[in-house]
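Dear colleague,

Please find the structure below, handed over for your records. My findings follow directly after it.

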Amino acid sequence: KLELKIEKVFKDLKVKSKKIEEQTKQSEENANKAKVSELFTKALNEEDKKKYDEAIKYYTELLELDKNNLDALNNRGILYCDKYMDNKGNEYFKLSLNDYNKVLDLDKNNLYALINIGDLYAGKYRNKKEEEDFNLSLDSYNKVLILEENNFSALINLGYLYFDRYVNSKEENDFLLSLNNFNKVLSIYIDNSSALSGRGILYDNKYINTKDEKYFELSLNDYNKALSVDKNNLEIFNNIGFLYNDKYIITEEEKYFELSLKYFNKVLNIEDNNIKTLDNIGILYYNKYCYTKNEECFNFSLNYYNRALNINKNDLDILNRRSRLYLVNYRISGNIESLEKARKDIELGLNSDCFNIELLTTKGIILLFSYRREKNAELLKETEKYLNYGLNKNRENMHIGGTYYYLSLLYKEYSQLEN
């Protein structure tokens, strides 16, 4: 009897111990879930405040507790992608792609990850102009459309991808493929502001290429339709401002300069540190400075570029544009300090991305001006190398004419040297 009682006590203790163990485990799991939820909320809050490094830190801490959290992996991947877009640092590209691939390892048909991979390669294509990146982006979007035929995000992003290639190639087929994707979205969602805005950008670029007023009107019409749906959309204000800037470039009429500035200022009245708008106003005054040679326009342009770079000092596109502004100032005024500032901007940019096409092309122009001062024949060889690299990689009309112009100056220098 005593042995039976002892055995029963041991059995009871084992049962109680198991229950305590299960309860402890459940408590730990609950605490873990609560912590994961807390970290996710903190990360989202930091994103809202545009403190992206802090958000990445919280997502990383969360993934140490829950390594298979798909939302955290996708979100951190997007933040890494944004950092790659901002400063073209290849390490961020790899970190972003790694997060998206982890999601696909866990869920091979995850639409968000497939779209995000498409966006990542589209950004790389926009930067490097490599057809391989275009195809990888295209492949990822098409996988989404196989799974979900009318996926809104994939169709819009495909429209932008073909637009990016059209900007580079000027091929009518790329224009039509881009247009087809925007039209498909609008056939399903008739008032979709994103698709209207995308198609407006496409028509604006066609206007720049053809000088055909029809495309100016089509672009403006799409933007106005988009504003009727979303009247305070800052992106659309920016787009209308840039459309009028393009018309100012073509016509050189002051009224279009004023209209462009009016729409950009609408953005700044709502969000005074909108970096895209600050950059756009810098471009607008740059264009006016080129036409008028008015030093006041140079100072305005420089001020807006500086304000934009104070927000993001690693924006290589704005850095390149400021360098170009200094070069124009050097050509107009002969100010050697401007030539030196242009050189410093380009070297700073190339330290971040040594294969950036725009930066390398601008470096070629700087070397040409340096040759004219120093008469060192080696500088001519370097100039030719950089300008031809830019010409072969970048077929955008807004830059290609300038590159050919500087090449013509280069060959003129060669001719004089031979004489």
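At the start of H17, a side-chain oxygen of Asn 356 lies within 3.1 Å of the backbone nitrogen of Glu 358. A polar contact here is a pair of N or O atoms within 3.5 Å; within protein, one must be able to donate a hydrogen and the other to accept it, and residues adjacent in sequence count only if both atoms are side-chain atoms.

This is a predicted model, in which local features need pLDDT of at least 70 and side-chain atom pairs count only at pLDDT 80 or more, while totals for chains, interfaces and linings use all residues. Residues are numbered from 1 along each chain as its sequence is written, and side-chain values use heavy atoms, with hydrogens and water left out.

Helix H17 covers residues 357-374 and has 18 residues. From its first C-alpha to its last it reaches 25 Å, close to the 26 Å expected at 1.5 Å a residue (the expected span is 1.5 Å times one less than the number of residues). Of the 18 residues of H17, 15 are buried, so the helix is largely enclosed by the rest of the structure. Buried means under 20% relative accessible area, exposed over 50%, and partly exposed in between (1.4 Å probe, protein chains only). Lys 375 follows H17 and has a positive phi, near 55 degrees.

The chain as a whole has 19 helices and zero strands; both are DSSP runs numbered from the N terminus (helices H or I, at least four residues; strands E, at least two). Of its 419 residues, 48% are buried.

Helix H4 (residues 90-106) has its end C-alpha atoms 25 Å apart, which agrees with the 24 Å that its 17 residues should span. Its buried residues include Tyr 92, Phe 93, Leu 97, Tyr 100 and Leu 104.

Finally, on the cysteines: the structure holds zero disulfides (pairs of cysteine sulfur atoms within 2.5 Å). Cys 81 counts as buried at 7% relative accessibility, and Cys 354 is partly exposed, with a relative accessible area of 47%.

With kind regards
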